[in-house]
Amino acid sequence: MTDFHVVIPVRYASSRLPGKPLVDIAGKPMVQHVYEKASQSKAKSIIIATDDERVSTVAKKFGAKVCMTATSHQSGTDRIAEASELLNLDEEEIIVNIQGDEPLIDPEIINQAADDLDRNEFAEVCTLCEPIKEAKEIFDPNIVKIILDQDGYALYFSRAPIPWNRNKFNLEKQNYSEPVMFDCYYRHVGIYAYKVNFLREYTTWQPCMLEIVERLEQLRMLFHGVNIFVGLAKGKTGIGVDTLEDLDKVRKLITK
């Protein structure tokens, strides 16, 4: 089994869901659910990296190790890079980045991301995906789509419906005109594995225009020619909480 650390980057502010990491889900703040799922993985350590004292106070109450980081970070990866320096992690250590809004994440896919990085010698970053099975998800900007090459490496990520089916998609109505072939449609699962030495290089790059426009940090990596291997998730990916509707769904699932 691959040795790795989990770092959970947590930002309190959210334009769509203010105070998102601390919203209550079945009697616990969301970030605690994420932490507890990570605790079921085979990680050597689990750290919450945040810039907010409210998050830090709550996290310490449920026993988490917290690393306070700057407020200026553009992405979760930037925040994790600072945390890796503050924690004095070795250059070859593997870090798995779990988003702080994934309370249903399966510990199995946390292990998988680290293993994929360890096994793929040409990969500098590893992440996961799963097939899209409902056509409406293709047009949902909260669901990030991904296109892969023949070896499983990322070609592009987008909030837009990619690949665009010229003969079946209706741009004006934002829908599809007849049943869609789903073989080439994949949803990106927001988990990353990378080594500390990659993070140090990543932070020397300024955010690129693609990243700024799409609000997707992985596009900075592709812009600089990084090889991102994308594995097909072997466990349940759950629901990320981006909206109040997502939060309601997660609350119902956890309550059950």
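A residue counts as buried when its relative accessible area is under 20%, and as exposed when that area is over 50%. Values in between make a residue partly exposed. Keep these cut-offs in mind while walking through this predicted model.

Start with Arg 187. Its relative accessible area is 16%, so Arg 187 is buried. Its side chain meets that of Glu 130 in a salt bridge, 2.8 Å from N to O. Arg 187 sits in strand S12 (residues 186–195) and Glu 130 in strand S7 (residues 125–131). The two lie 57 residues apart, and the pair links distant parts of the chain. Glu 130 is partly exposed, at 22%.

Side chains of opposite charge can pair when their charged atoms come close. The whole structure holds 14 salt bridges. Another of them joins Glu 85 and Arg 200, with the closest N and O atoms 2.6 Å apart. Glu 85 belongs to helix H3 (residues 76–86) and Arg 200 to helix H6, so this pair ties together parts 115 residues apart in sequence. Glu 85 is partly exposed at 39%. Arg 200 is partly exposed too, at 27%.

Lys 136 and Glu 134 also form a salt bridge, at 3.7 Å from N to O. Here Lys 136 is exposed, with 60% relative accessibility. Glu 134 is partly exposed, at 40%. Elsewhere, salt bridges with shared partners join Asp 78, Glu 211 and Arg 220 into one network.

Now turn to the second largest pocket. Its space is about 160 Å³. Helices H4 (107–119) and H6 (196–202) each give two or more residues to the lining. H6 gives the most, with 3 residues. The lining residues include Leu 117, Asp 118, Phe 198 and Glu 201. By type, the lining has 3 nonpolar, 2 polar and 5 charged residues.

How values were computed
Residues are numbered from 1 along each chain as its sequence is written. This is a predicted model: local features need pLDDT of at least 70, side-chain atom pairs count only at pLDDT 80 or more; totals for chains, interfaces and linings use all residues. Side-chain values use heavy atoms; hydrogens and water are left out. On a 1 Å grid over the protein atoms alone, a cavity is a set of points where a 1.4 Å probe fits but cannot get out, and a pocket is an open set with protein on both sides within 12 Å along at least five of seven lines; lining residues have an atom within 4 Å of a point. Grid points are joined across faces, edges and corners, and a volume is the space filled by probe spheres set on the points. Helices (H or I, at least four residues) and strands (E, at least two) are DSSP runs, numbered from the N terminus. Ala, Val, Leu, Ile, Met, Phe, Trp, Tyr, Cys and Pro count as nonpolar, Asp, Glu, Lys and Arg as charged, and the others, Gly among them, as polar. A salt bridge is a side-chain nitrogen of Lys or Arg within 4 Å of a carboxyl oxygen of Asp or Glu. Buried means under 20% relative accessible area, exposed over 50%, partly exposed in between (1.4 Å probe, protein chains only).
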